[in-house]
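Hello,

Here is the structure I promised to pass on. Please have a look at it, and then read my notes below.

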Amino acid sequence: MSHPHLPPARLTELVDALVEQGWYLGEAFLPEALHAPLFAEVEAMAAREALEAAGVGRGSEHHLRRDIRGDAIRWLDRESLAQRRYLEAMGELQQALNQALFLGLFEYEAHFAQYPPGAFYKRHLDSFRGRANRVISTVGYLNPDWPADGEGEMVIFDEHDPARELTRVRPEAGTFVCFLSDRVPHEVLPTRYPRASIAGWFRRNASLGGLVDPSH
């Protein structure tokens with residue numbers, strides 16, 4: 001069995017926060033051994049123009065909307081050791097969530113996301129309530145030594161009062177955010193520098209039905 005990538009105490013902290021408030025923000029959550037090679041990889045992808053402009057919507061409704069989001073992405077496909085290690089770490093998280101909250105999560109998908117200077121992603125939900133697709137969202141940040149004037153924070157809003165900010169997440173390497181996909185409105189503010197992260201989603205088998213609502 002491989003050595004765990006994530007400290008059990010931090011996983012417990014994350015699960016407790018999801019139950020209490022529906023979202024979690026953990027600074028220095030991802031060890032450098034995980035995030036540093038991933039940052040080098042996404043930088044190399046950007047340099048060789050291997051990232052694709054991200055769109056909005058799914059399936060036939062998918063289209064580019066630069067007035068809504070401006071990042072470029074590439075889906076993780078396990079082609080590198082760094083990707084495999086990150087996905088193993090998310091497997092540890094999936095197991096912890098399933099054991100503690102009985103969510104029945106069975107699949108995880110993720111992509112690199114790089115926001116060029118000036119890019120943003122307007123306020124949105126990652127899933128719509130009642131659809132058993134994306135259940136838990138994750139964001140792992142990759143930029144080391146994010147400058148104080150870098151901006152590009154992710155803003156998390158109150159689900160009951162979408163105009164009310166709950167927190168702003170500085171996109172510093174190692175920081176990790178996790179939240180309920182259908183309940184937590186969030187946005188990415190315009191960034192002043194290239195900003196790299198990995199966005200991911202845990203899915204549940206649609207046959208289970210129902211809603212994930214551990215805090216009610």
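Does E151 count as buried, partly exposed or exposed? Its relative accessibility is 40%, so E151 counts as partly exposed. Please keep in mind that this is a predicted model.

I picked E151 for its backbone: its phi is near 60°, a positive value in a residue that is not glycine. For context, most residues other than glycine have a negative phi. E151 is found in the loop that runs between β6 (134–141) and β7 (154–157).

A28 is another case, with a positive phi near 55° in a residue other than glycine. A28 lies in the loop between β1 (23–26) and α2 (32–47). With a relative accessibility of 61%, A28 counts as exposed, because the cut-off for that class is over 50%.

At 1.5 Å a residue, the 16 residues of α2 should span 22 Å, and the end C-alpha atoms are 22 Å apart, so the two agree. The buried residues of α2 are L34, H35, L38, F39, E41, V42 and M45. As a reminder, residues three or four places apart in an α-helix point the same way, because there are 3.6 residues a turn.

Best wishes

Note on methods
Residues numbered from 1 in each chain as written. Predicted model: local features only at pLDDT ≥ 70, side-chain atom pairs only at ≥ 80, totals over all residues. Heavy atoms only, no water. Helix = DSSP H or I, 4+ residues; strand = E, 2+ residues; numbered from the N terminus. Buried < 20%, exposed > 50% of the residue type's maximum accessible area, 1.4 Å probe, protein only. Expected span 1.5 Å × (residues − 1).
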